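Welcome, and thanks for taking a look at this one with me. Here are a few points to follow as you turn the model around.

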Amino acid sequence: MRAGTCAWNCGRGGSPLRYANAERSMAALRTLRFPSCLAFCRKHVNSITGRSFAKCQARFLSSVTERDGLQVSHNSNTGVVTLSMNKPPVNSLNLEFLQSMHKTLGEIQDDQDCRAVILTSGLTNIFCAGLDITEMYQPDDKRLREFWTSLQDMWIRLYSFPKTTMAAITGHSPAGGALLAMSCDYRVMAENFTIGLNETKLGIVAPTWFIDLYVGILGQRLSELALQTGKLFTSEEALKVGLVDQVVPLNDVIPTVEKELSEWKIPALARGMTKDVLRRIYWRKLQETQDVDTESFVFLIKQEKVQQTLGLYLQSLKNKKK
Ligand SMILES: CCCCCCCCCCC/C=C/C(=O)SCCNC(=O)CCNC(=O)[C@H](O)C(C)(C)COP(=O)(O)OP(=O)(O)OC[C@H]1O[C@@H](n2cnc3c(N)ncnc32)[C@H](O)[C@@H]1OP(=O)(O)O
């Protein structure tokens, strides 16, 4: 089936498509997300399925797909896609999850009917626990390189994303989790969680491209203090220093982001170009040095001292339960 063609044969968008089975047609209509056809199709929905239009419309307006730890919900009414990380126990970023995020973001970027993305978590109390530490502890060389390259690629895509991105931070968000949130255009965080770059606490160093974002948001002095001490800001502190834009009760996070998005009625081209002007220097800097960045990451991670500290940190996480 050709994307952009109305499954109801309303005359918009190309050659007629006919389906013997009305249910299949409904599914096609939802997949195509062709809201401008809704009015035209009202008549067909009623006559073919016998179902009330409102019922069909509700199903049409929101399509949900789930794949590789990610849930993608598309609201065709608002043009907003909610990308929900759903990889228990803590949404840690391992190789496969990073690849999945990269691929999914690419698909959302190409989706003509999507104007904005809400990045959030489907897990209780956790937005994202950052990089999967087990990828860096006693690693296989080839996989370690692939892991880092996937993180770079995913970040470049998210940070340079042409559509509006908002983070709905519904739980803790350390290190790589903070990177995801900071890469969005706007951040709403739930009360009583923590966020920040705590890498030094693990005996590792935040890469320069993580640090660039921090300095851009917090300023030089505060970044120096927070980065050296590996500080995790409480939600309320994060609001004070500008790391997040709003702090609200947990249940209000998504509605607050949705409201904020509805108020961003800015011409898309002007907004997108402005974002690009502000951000391109950072992602291009990484893009131009990706190989060197990967080699220094691999070299540093394999240092005996770093391995020892990572091992102890992993153990301390496991010991928490005892
Ligand atoms: C001088 C040398 C320079 C070297 C420089 C090299 C450059 C390296 C750059 C790397 C940049 C790194 C970025 C990162 O993101 S590192 C990861 C940082 N993340 C954290 O510190 C978070 C750790 N986790 C927590 O604090 C808590 O788990 C959390 C608050 C997120 C949730 O707490 P909760 O109590 O709900 O859950 P548990 O702690 O019981 O965890 C459940 C299980 O999940 C495992 N876990 C948690 N976090 C991670 C993780 N990030 N990676 C892998 N696994 C994780 C945890 O061990 C539990 O596992 P078990 O159920 O098996 O016990």
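1. Is asparagine 91 buried or exposed? This is a predicted model, and in it asparagine 91 has a relative accessible area of 0%. That is under the 20% cut-off, so asparagine 91 counts as buried. You will find asparagine 91 in the loop between β3 and α4.

2. Please check the backbone there too. Asparagine 91 has a positive phi, near 55°, although it is not a glycine. Most residues other than glycine have a negative phi, and most peptide bonds are trans.

3. The β3–α4 loop, between strand 80–85 and helix 95–110, also holds proline 89. The peptide bond joining proline 88 and proline 89 is cis, with omega about 5°.

4. Now compare asparagine 192, in the loop between β8 (186–190) and β9 (194–196). Its phi is positive as well, near 70°. Is asparagine 192 buried or exposed? Its relative accessibility is 61%, which is over the 50% cut-off, so asparagine 192 is exposed.

5. Finally, have a look inside. The largest nonpolar core has 76 residues, and the members touching the most others are Leu180 and Ile195. Helix α5 (residues 141–159) supplies the largest share of this core, nine residues. In soluble globular proteins, nonpolar side chains tend to be buried together.

6. Which residues does leucine 180 touch, leaving aside those up to four places away in sequence? They are Met85, Leu93, Met101, Leu119, Phe127, Cys128, Met154 and Leu158.

Note on methods. Residues are numbered from 1 along each chain as its sequence is written. This is a predicted model: local features need pLDDT of at least 70, side-chain atom pairs count only at pLDDT 80 or more; totals for chains, interfaces and linings use all residues. Side-chain values use heavy atoms; hydrogens and water are left out. A nonpolar core is a set of buried Ala, Val, Leu, Ile, Met, Phe, Trp, Tyr and Cys residues joined through side-chain atoms within 4.5 Å. Buried means under 20% relative accessible area, exposed over 50%, partly exposed in between (1.4 Å probe, protein chains only). Helices (H or I, at least four residues) and strands (E, at least two) are DSSP runs, numbered from the N terminus. Contact means heavy atoms within 4.5 Å.
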